[in-house]
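Subject: Structure handover

Hello,

Here is the structure we talked about. Please open it first, then read the notes below.

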Amino acid sequence: QEKSAHGATGVVTKVEKDIVTIKHDPVKSLNWPTMTMGFVAKDPKMRERMKPGAKVDFSFTKSDKDYVITEVK
C-alpha cells in the first residue's frame, strides 16, 4: 500500500461533509495533469481553512481508494 505523501497546489471548488473538491495543478509525483477531484479531509480544523475559492498548498496520501489530505499550508 502506497503511503508516500504527494504535494499539490490548487483552488478549492466545493466542500461537502468530509470531501473537499480541489482543482489542482499537475502532480508530478503521480504524473497527473491538472484536474478537479475530491479529496478526503476528515479533520474539521483543516476543512475550516478550505473554503470554496481558497488557493491551497496541500499534501495527500492514497488510502485504499481514497486520496486523503494530510496537511494544508
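Ser59 touches His6, Gly7, Val68, Ile69, Thr70, Glu71 and Lys73, leaving out residues up to four places away in sequence. Contact here means heavy atoms within 4.5 Å. Ser59 belongs to strand E4. Strands (E, at least two residues) are DSSP runs, as are helices (H or I, at least four), and they are numbered from the N terminus. Ser59 counts as buried because its relative accessibility is 11%. The cut-offs are under 20% relative accessible area for buried, over 50% for exposed and partly exposed in between, with a 1.4 Å probe and protein chains only.

Before going on, some ground rules. This is a predicted model, where local features need pLDDT of at least 70, side-chain atom pairs count only at pLDDT 80 or more, and totals for chains, interfaces and linings use all residues. Residues are numbered from 1 along each chain as its sequence is written, and side-chain values use heavy atoms, with hydrogens and water left out.

Now the core. The largest nonpolar core has 17 residues. Such a core is a set of buried Ala, Val, Leu, Ile, Met, Phe, Trp, Tyr and Cys residues joined through side-chain atoms within 4.5 Å. The residues with the most contacts inside this core are Ile22, Phe39, Met50, Val56, Phe58, Phe60 and Ile69. The elements that give two or more residues to the core are E1, E2, E3, strand E4 (55-63) and strand E5 (66-72). In soluble globular proteins, nonpolar side chains tend to be buried together.

Look at Phe58 next. Again leaving out residues up to four places away in sequence, Phe58 touches His6, Gly7, Ala8, Thr9, Gly10, Ile22, His24, Phe39, Ile69, Glu71 and Val72.

His24 sits in strand E2. Is His24 buried or exposed? His24 is buried, because its relative accessible area is 0%.

Then the rings. Rings of Phe, Tyr and Trp (its six-membered ring) pair if their centres lie within 6.5 Å; planes under 30 degrees apart are stacked, over 60 edge-to-face and the rest tilted. By this rule there are 6 aromatic pairs. The rings of Trp32 and Phe60 have centres 5.7 Å apart and planes at 15 degrees, so this pair is stacked. Trp32 lies in the loop between E2 and E3 and Phe60 in strand E4, so the pair ties together parts that are 28 residues apart in sequence. Both Trp32 and Phe60 are buried. Phe60 also pairs edge-to-face with Tyr67, at 5.9 Å centre to centre and 80 degrees between the planes. Ring pairs link Trp32, Phe39, Phe58, Phe60 and Tyr67 into a cluster.

Tyr67 is buried, with a relative accessible area of 18%. The charged end of Lys62 sits over the ring of Tyr67, 5.5 Å from its centre. The rule is NZ of Lys or CZ of Arg within 6 Å of the ring centre and within 35 degrees of the ring normal.

Last, two loop residues. Lys17 is in the loop between strand E1 (6-16) and strand E2 (19-24). Phi of Lys17 is near 45 degrees, a positive value in a residue other than glycine. Lys17 is exposed, because its relative accessible area is 77%. Asn31 is in the loop between E2 and strand E3 (35-40). Phi of Asn31 is near 55 degrees, again positive in a residue other than glycine. Asn31 counts as exposed at 71% relative accessibility.

Best wishes
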